[in-house]
Amino acid sequence: MNKDKTYWLRLADRYFEAETSDEEERLLKRFLASEAGQDEAFDEVRAVMGVFATGKKRAVKKTGRVVSWWKWMAAAAAVAGFAFFLAKMYAPKHSTEICVAYVDGHEITDRKEVLAMMRSSWDNVGYAETPSVEAQLEDMFSCME
């Protein structure tokens with residue numbers, strides 16, 4: 001079936017409007033690669049379709065690499081997270097009840113000694129007797145007389 005130049009130009013227009021079937025697209029590409037498709041009228045069509053084909057191949061390759069890269073990164077993150085979990089789970093437990101006192105510039109870490117020093121310092125604190133309410137009121141109003 002011999003098709004003229006206007007048929008191929010219309011088919012190219014339909015291709016750019018996304019109205020062609022896969023078979024029509026293959027026929028158009030085959031025509032553009034043939035000797036008849038080397039006409040000047042088809043230069044722009046060949047250039048644009050060539051860019052689309054190249055861009056499509058690069059996008060597929062790039063997407064494949066990106067997906068592959070993300071899979072490896074996710075796997076590495078999972079392994080690192082699991083290792084961190086195990087390290088936290090089986091790490092030696094440190095006591096949070098650490099008693100430290102500094103007396104005359106010396107550090108004392110013995111728990112019993114630190115607690116004994118604390119108790120003795122509390123015992124040395126003297127509490128004055130609290131005056132009664134009447135005495136306090138008398139002091140407040142005595143200055144007004």
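Helices (H or I, at least four residues) and strands (E, at least two) are DSSP runs, numbered from the N terminus. The model is a predicted one, in which local features need pLDDT of at least 70 and side-chain atom pairs count only at pLDDT 80 or more, while totals for chains, interfaces and linings use all residues. Residues are numbered from 1 along each chain as its sequence is written, and side-chain values use heavy atoms, with hydrogens and water left out.

**Stop 1**

Select F82, which is found in helix α3 (residues 43-90). With a relative accessibility of 52%, F82 counts as exposed; here buried means under 20% relative accessible area, exposed over 50%, and partly exposed in between (1.4 Å probe, protein chains only).

Next, select D43 and R46, which both lie in helix α3, 3 residues apart, about one turn of the helix. Their side chains meet in a salt bridge (2.3 Å, N to O), a term that requires a side-chain nitrogen of Lys or Arg within 4 Å of a carboxyl oxygen of Asp or Glu. D43 is partly exposed at 36% relative accessibility, and R46 is partly exposed at 23%. A search of the whole structure finds 5 salt bridges.

**Stop 1: helix α2**

Select residues 22-33, the 12 residues of helix α2; at 1.5 Å a residue they should span 16 Å, and the end C-alpha atoms are 17 Å apart, which agrees. The expected span is 1.5 Å times one less than the number of residues in the helix.

Which residues of α2 are buried? They are E24, E25, L28, F31 and L32. Viewed down the axis of α2, these buried residues fall within an arc of 125°, so they line one face of the helix; the arc is that of the directions from the helix axis to the C-beta atoms. On the other side of α2, D22, R30 and A33 are exposed.

Display the side chains of E23 and R26, which form a salt bridge with the closest N and O atoms 3.0 Å apart. E23 is partly exposed at 40% relative accessible area, as is R26 at 45%.

Then display K29 and E25, whose salt bridge has its closest N and O atoms 3.3 Å apart. K29 and E25 are 4 residues apart in helix α2 and so are separated by about one helical turn. K29 is partly exposed at 40%, whereas E25 counts as buried at 18% relative accessibility. E25 also touches Y15 and T20, not counting residues up to four places away in sequence; contact means heavy atoms within 4.5 Å.

**Stop 2: the loop at V100**

Finally, select V100, in the loop between α3 and β1 (101-103). V100 is partly exposed, with a relative accessible area of 37%. Which residues does V100 touch, not counting those up to four places away in sequence? They are E107, I108, T109 and V114. The C-alpha atoms of V100 and R111, 11 residues apart along the chain, are separated by 7.6 Å.
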